[in-house]
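Have the sequence and the model open side by side as you read.

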Amino acid sequence: FSRLEDNQFGESNSFSSRQGSALDNYDLGREFGVSRLDVAPRLNINATFQLPFGAGKRWLSGDGLASDILGGWQLTVAGRYQTGFPINISQSSNNSGLLGSNQRPNLVEGAEVMTTGSQEERAVTGWINPAAFSAAPAFTFGNVPRTSSAWRGPGQRTTDLAISKTVGFNGKSLSFR
């Protein structure tokens with residue numbers, strides 16, 4: 001469990017594009033908040049199991065073809081489970097009147113920013129409710145923050161399995177994966 005906060009520019013993640021400048025170059029304190037690289041809860045699991053067959057193991061520990069074929073195998077499991085990265089919201093038209101700044105929209109009061117449903121449904125219908133935002137009027141700054149810990153893209157749920165066999169010969173070993 002962690003929380004990464006900053007006011008950096010030019011960083012991106014899988015779901016937020018790189019922004020090169022502040023909303024208001026004269027008020028950089030307004031940019032401080034949850035980093036686009038923040039991953040709140042993250043769980044990594046890694047385990048390797050040596051199967052109990054072959055020389056020096058519980059079963060088929062003697063010499064022979066069965067020991068040679070079935071011995072020396074390992075299973076490795078690796079898993080990564082985490083929340084999504086924060087999403088930044090910006091407005092396509094920069095009507096603030098400042099050169100080089102980004103423009104953000106205004107939040108519509110009472111509207112939910114994030115859509116609901118499973119990750120699979122939201123991948124089709126979208127993660128963000130466009131009706132939750134309105135364009136900032138000309139020569140003003142929108143009130144949407146740079147990032148919000150509540151506005152996140154899809155999380156990652158990854159489980160991998162590796163199977164390998166190590167064979168020894170002449171004091172050396174060779175692994176097949």
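Two strands count as paired if DSSP finds at least two bridges between them. With that in mind, note that this is a predicted model, and let's start with strand S7, residues 156-169.

On the S8 side, the two strands make a hairpin with 2 residues between them. Asn 170 sits in that turn, and its phi is positive, at about 50°.

Now for the salt bridge. Which side chains meet in it? They belong to Glu 120 and Arg 157, with 3.3 Å from N to O. Glu 120 lies in helix H2 (residues 119-125) and Arg 157 in S7, so the contact ties together parts that are 37 residues apart in sequence. The count for the model comes to 1 salt bridge. Is Arg 157 buried or exposed? Arg 157 is exposed, at 58% relative accessible area.

One last stop is the loop between strand S6 (133-134) and S7, where you'll find Phe 139. Most residues other than glycine have a negative phi. Phe 139 has a positive one, near 65°. Its relative accessibility is 69%, so Phe 139 counts as exposed.

Terms used:
Residues are numbered from 1 along each chain as its sequence is written. This is a predicted model: local features need pLDDT of at least 70, side-chain atom pairs count only at pLDDT 80 or more; totals for chains, interfaces and linings use all residues. Side-chain values use heavy atoms; hydrogens and water are left out. A salt bridge is a side-chain nitrogen of Lys or Arg within 4 Å of a carboxyl oxygen of Asp or Glu. Helices (H or I, at least four residues) and strands (E, at least two) are DSSP runs, numbered from the N terminus. Buried means under 20% relative accessible area, exposed over 50%, partly exposed in between (1.4 Å probe, protein chains only).
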